[in-house]
Amino acid sequence: MAGAALARRPMSIVEAIRQARRQAASYRGIWSWIATVDHKRIGIMYGATSFSFFLIGGIEALIIRLQLAKPNGGIVDADQYDRLFTMHGTTMVFLVVMPMSAAFFNLIIPLMIGARDVAFPRLNAFSYWAFLFGGLFMTSSFFTGNPAGTFFQGKLGAPDAGWFGYAPLTLVSHSAGHGVDFWALGLLILGISSMAGGFNFIVTILNMRAPGMTLFRMPVFVWMTLVTSFLIIFAMPVITVALFQIMFDRRFGANFFNVAAGGTPLLWQHMFWLFGHPEVYILVLPAMGIVSEVLPTFARKPLFGYPFVVFSGIAIGFMSWGVWAHHMYTTGLGSVANSAFGVSTILIAIPTGVKIFNWMGTLWGGAIRMKTPLLYAVGFIAMFTVGGLTGVTHSIVPSDYQQQDTYYIVAHFHQVLVGGALFGLFAGIYYWFPKFSGKMLNEKMGQIQFWLFFAGFNVTFQPMMILGLIGMPRRIQSYPEGMGWGLWNMMATVGAFMIAVSVMLFIYNVIYSLMRGEEAGADPWDARTLEWSIPSPPPAYNFAEIPQVRSLDDFWHRKYVENERGVPVPVVAGAAHDTEESHGDGHGIHLPSPSFMPLIAAFGLPLIGFGLIYDYALVAAGVVVLLFGIYAWALEPAAE
Amino acid sequence: MEQARTAPHALAPTSTGLDNRKLLMWLFLASECLFFGGLIGTYLLYRNRSVGPPFPTNTVYNGVHYHGVFDIPFTSISAFVLLMSSVSMVLALAAIQRNNRRALRMWLLCTAFLGMTFLAGQAFEFTEFYRAGLTVHSNLFGTTFFVLTGFHGAHVSVGVLILLSLYVMASRGKITHENSLNIELAGLYWHFVDVVWIVIFTVVYLIQPT
């Protein structure tokens, strides 16, 4: 009898979760978001979370700029300064640009390929929760990473080894607190999240395309997502191994980077940059994809040289594996290796240059409408070109010897990551906001916001180019008077605050437009791809009827035909394929059920992380939570 | 939201014709190649670079002769056991594809048993090495050896867990030849872990330092 009673208890837990799941199925309220497996909602959560981290990383940047505005800055000491620039870099790369790209993958990819969701909706939710928990875990180190104790004591305890964490700075001998532990374990959790997303989007793109959507009828954004996802699943394991090696050295006294035992810190540099250079393209390829969608829409022309853009993206994906040592010229690899990597680095500029010419060719002769998304896209082309060309100057080995670890490097990678990746992402936000909110972003505010951002960006980072060339090293927390650096640093600080004001304006615009923006309608930009063929915001089931695709830019060709002079003219009303709305209310479409299991499984990960730092009992608890989540996930039906 | 609640349809055909889950497993294994590639690469980089004993094979270091810790015949036997588990894994899949559930259960259990035998051998080997003074901390050989083979052992352990879970499902009659894909996916993972061991066994044990 006791056995029967014992057997009933776990049943009741399962029953409770089932019941919660059924309630979460109502498409409203907070629980419906927590249990959601809908790619659109997950995308919105990705976007909102990464934007919050963007604000945190931005505040870190502003403190850094205030500190450096004048010689002998005294706002933070060297120790705190190290922690700020480490977290600024790590946050912006892993918690802002990557997940914001993932937000666009989630929102756009299933709609662009004519699918009802991604291939693995619950795995998709798991990716999001692992990202959120990993980000919070790492950010919590500000308060918990102190060597003196586990709580905040007037000093921030974040990691202090720089965003690329060179050994031996990451070893206990050089960083005694828990900051680096949080950094390494946090990146491991974020890596799991990214890899799960990478697998999911490759399978989605290869397997879930609408009938007729052959690979070369896919929009360029879908192609770039595919290339990015492949880079993610192959690059992340490499950094995973390197992070495990750091953790073994730190926690268990292993010798991977211990010079006295014969180890070499250079191993870290090779492992990190073998991951790190593909990572650069993981950051920028999605933005290139977005720009390749925005330009044709606002030039009212097809993308110039579609196959060239696609193959250039693929070529970049392959070549990004053969350039990593250009980060390491000054480590003494020898002139043969340096020359080889110099050549490969120059070569990778070719596919990138091809794309830039294709984008300009798209604009050439187009009926251009200068809306905010296009401003950002054109800003991307201009600024990314500058960033790319400064990158080519680094590929020249003797020149790079002079630039290594100066502000010229800092200026270069901000030029490609802010002027490139972030401008592209902002283009995407302005472009697709109407699709997912049903409201237009205010155009006038958008234009002001762009110009303020653009000006602020150049006022911030062009002075850094000069600073680098006149010899200011990176990662110094203050500099004496009389170096001639004061003016340029002050300029950069003013520029940083201009960017901050423009970001505030952007937030105001979003809130204002959500409340009283004009209704967007299904296709406000007269665009070319399938997501614009359905209502804004899209219904839960996306497409009432799965579209049949007949050509590249299929939706455009449903709306326009070319007359004898090759000028597009609207299809006569009624002759067009009937619009999506006429197919009824999606009755009878089967959707996957909401689930709490991805959240529960992902919650096990930070528990394991805290456990490795503080108490192994917590590791056991985390493993139990993780296993419970995975088993319940595997056993619950995908749809009830 | 009634429209979302109708009965599940049969799985929609995919664009490539490959099942989603199978494609996911192949991608995962491709990604794992880079993971083990990183570990094996590190092992190779640090081979013969230990400062001080214990050494893997008989070594003269600073004029002193040291006995190697490796017991090649023993490890060869446990490698053979792991390879045989791939055979029983194939037989398990063949059984359920012929809808023979009894044979499925037997071969699943056999595969898990062989996997656990391999793990027991690894535990024994680790203990012996530890007694000989080899730890993660002792020297570069210890560091790279334990981390590489340890991560492989962790993969085998996960595989055993999957096999035992499938055995429980099979015992409850939940695995039929319609959803034999579950067995096939577990098999892909299991064979991959075996193949990785062939590489590790060759690189770590068989290619002797000169």
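The legends below describe close-up views of a predicted model.

**View 1. The contact between chain A and chain B.** In this predicted model, 39 residues of chain A are in contact with 33 residues of chain B. On the side of chain A that touches chain B, the elements giving two or more residues are helix 7 (179-207), helix 8 (220-252) and helix 9 (266-299) of chain A, and helix 8 of chain A gives the most, with eight residues.

**View 2. The packing of helix 7 of chain A with helix 8 of chain A.** The axes of helix 7 and helix 8 of chain A come within 8 Å and cross at roughly 155°. Because angles over 145 degrees count as roughly antiparallel, helix 7 of chain A is described as roughly antiparallel to helix 8 of chain A. Helix 7 of chain A passes helix 8 of chain A in a left-handed crossing, and the residues of the contact between these helices divide into 19 nonpolar, six polar and two charged.

**View 3. Helix 1 of chain B and its surroundings.** Helix 1 of chain B, which covers residues 20-45 and has 26 residues, reaches 38 Å from its first C-alpha to its last, close to the 38 Å expected at 1.5 Å a residue. The buried residues of helix 1 of chain B include Leu24(B), Met25(B), Leu34(B), Phe35(B), Phe36(B) and Tyr43(B), and among them are also Asn20(B), Ser31(B) and Thr42(B). What covers the buried residues of helix 1 of chain B includes helix 7, helix 8 and helix 9 of chain A, together with helix 4 (140-171) and helix 5 (181-206) of chain B.

**View 4. Thr49(A) in helix 3 of chain A.** Thr49(A) lies in helix 3 of chain A, which spans residues 39-68, and Thr49(A) counts as buried because it has 20 C-beta neighbours inside 10 Å. Leaving aside residues up to four places away in sequence, Thr49(A) touches Pro99(A) and Leu132(A). Thr49(A) and Leu188(A) are 139 residues apart in sequence and 19 Å apart in space, C-alpha to C-alpha.

**View 5. Ile613(A) in helix 18 of chain A.** Ile613(A) lies in helix 18 of chain A, which spans residues 597-613, and with 19 C-beta neighbours inside 10 Å Ile613(A) counts as partly exposed. Leaving aside residues up to four places away in sequence, Ile613(A) touches His178(A) and Asp181(A). From C-alpha to C-alpha, Ile613(A) and Asn489(A) are 39 Å apart in space and 124 residues apart in sequence.

Methods
Residues are numbered from 1 along each chain as its sequence is written. Chains are lettered from A and ligands numbered from 1 in the order in which they are written. This is a predicted model: local features need pLDDT of at least 70, side-chain atom pairs count only at pLDDT 80 or more; totals for chains, interfaces and linings use all residues. Two residues are in contact if their C-beta atoms, placed from the backbone, lie within 7 Å. Helices (H or I, at least four residues) and strands (E, at least two) are DSSP runs, numbered from the N terminus. Axes are lines fitted to C-alpha atoms, for helices over the stretch in contact, and angles run from 0 to 180 degrees between N-to-C directions. Angles under 35 degrees count as roughly parallel, over 145 as roughly antiparallel, 65 to 115 as roughly perpendicular and the rest as oblique. A crossing is left-handed if the near helix is turned anticlockwise from the far one by less than a right angle, and right-handed if clockwise. Ala, Val, Leu, Ile, Met, Phe, Trp, Tyr, Cys and Pro count as nonpolar, Asp, Glu, Lys and Arg as charged, and the others, Gly among them, as polar. The expected span of a helix is 1.5 Å times one less than its number of residues. A residue is buried if 20 or more other C-beta atoms lie within 10 Å of its own, exposed if 12 or fewer, and partly exposed in between; C-beta atoms are placed from the backbone.
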